Amino acid sequence: INTEFSGKPTYQPDDPLAPGTYYWRLATRDEGGELGPVSDTQEFQYVPPPPTPVPEPPEIGKDRLVLKWPAGQDGQTYVLQLARDLDFTDLVIDETLDQPSYDMPRPRDGTYYYRIATVDTDGTPSRFSTVQVLEVPFAYTWQTILGTIGFYLLLL
């Protein structure tokens with residue numbers, strides 16, 4: 001590819017690269033258009049990132065929360081982040097997992113946000129999935145009901 005300097009010391013191809021080995025080199029051109037020396041050839045391997053996982057609907061039980069997503073290829077791992085805020089600065093979970101699921105004790109009621117990325121065997125991560133909103137409803141238990149009844153009896 002012969003490209004003219006765009007004013008920025010970067011180059012981005014118009015179309016995505018196919019996986020494979022690529023070679024590149026560069027040269028400068030002076031104000032008169034004279035080509036300067038050409039650099040040594042450089043090599044790089046392009047391996048596309050793994051596909052972004054698509055989370056399945058969460059399973060919110062009485063005592064457990066289960067998050068699942070389709071399995072990737074053998075040897076891939078997954079990064080799961082569960083946060084109390086949409087910016088993922090108040091993380092509840094930030095773990096690397098070997099399985100495409102996470103089973104945990106049911107969190108307190110409230111709104112949570114989660115996302116998942118796949119990490120290839122060479123360490124290349126996918127993009128995080130679309131952020132999922134998780135609404136954990138208030139869990140009514142017999143202790144809650146008895147406590148509420150007791151509270152109202154005290155008021156009488």
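Predicted model: local features only at pLDDT ≥ 70, side-chain atom pairs only at ≥ 80, totals over all residues.

Reader: Which residue in strand 9 is the bridge partner of Leu67?

Author: In general, the strands of a sheet pair through backbone hydrogen bonds, either parallel or antiparallel. Here, Leu67 has Tyr102 of strand 9 as its bridge partner. Strand 6, residues 64-68, pairs with strand 9 over five bridges, in the antiparallel sense.

Reader: What is the order of the strands in that open sheet?

Author: The order is 5-6-9, three strands with antiparallel pairing. Strand 5 (59-60) and strand 9 (101-105) are the edge strands, and each pairs on one side only.

Reader: Now to the rings. How many aromatic pairs does the structure hold?

Author: A pair of aromatic rings is described by the distance of the centres and the angle of the planes. This structure holds two such pairs. In one of them, the ring centres of Tyr22 and Phe44 are 5.5 Å apart and the planes are at 20°, so the pair is stacked. Planes under 30 degrees apart count as stacked. Because Tyr22 belongs to strand 1 (residues 20-24) and Phe44 to strand 4 (residues 42-46), the pair ties together parts that are 22 residues apart in sequence.

Reader: And are Trp69 and Tyr78 stacked or edge-to-face?

Author: Their centres lie 5.7 Å apart with the planes at 70°, so this pair is edge-to-face; the cut-off for that class is over 60 degrees.

Reader: Is Trp69 buried or exposed?

Author: Buried means under 20% relative accessible area. Trp69 has 2% relative accessibility, so Trp69 counts as buried. Tyr78, at 3%, is buried as well.

Reader: Which residues make the nonpolar surface patch?

Author: Phe44 turns up again here: together with Leu17, Trp24 and Leu26, Phe44 makes a nonpolar surface patch of about 350 Å². Trp24 has its place in strand 1 and is partly exposed, with a relative accessible area of 41%.

Technical notes: Residues numbered from 1 in each chain as written. Heavy atoms only, no water. Phe/Tyr/Trp six-rings, centres within 6.5 Å; stacked < 30°, edge-to-face > 60°. Helix = DSSP H or I, 4+ residues; strand = E, 2+ residues; numbered from the N terminus. Buried < 20%, exposed > 50% of the residue type's maximum accessible area, 1.4 Å probe, protein only. Patch = residues over 30% accessible without salt bridge, like charges linked within 9 Å, V, L, I, M, F, W, Y side chains within 5 Å. Areas by Shrake-Rupley, 256 points an atom, 1.4 Å probe, with all protein chains shown as cover. Salt bridge = Lys/Arg side-chain N within 4 Å of Asp/Glu carboxyl O. Pairing = 2+ DSSP bridges.
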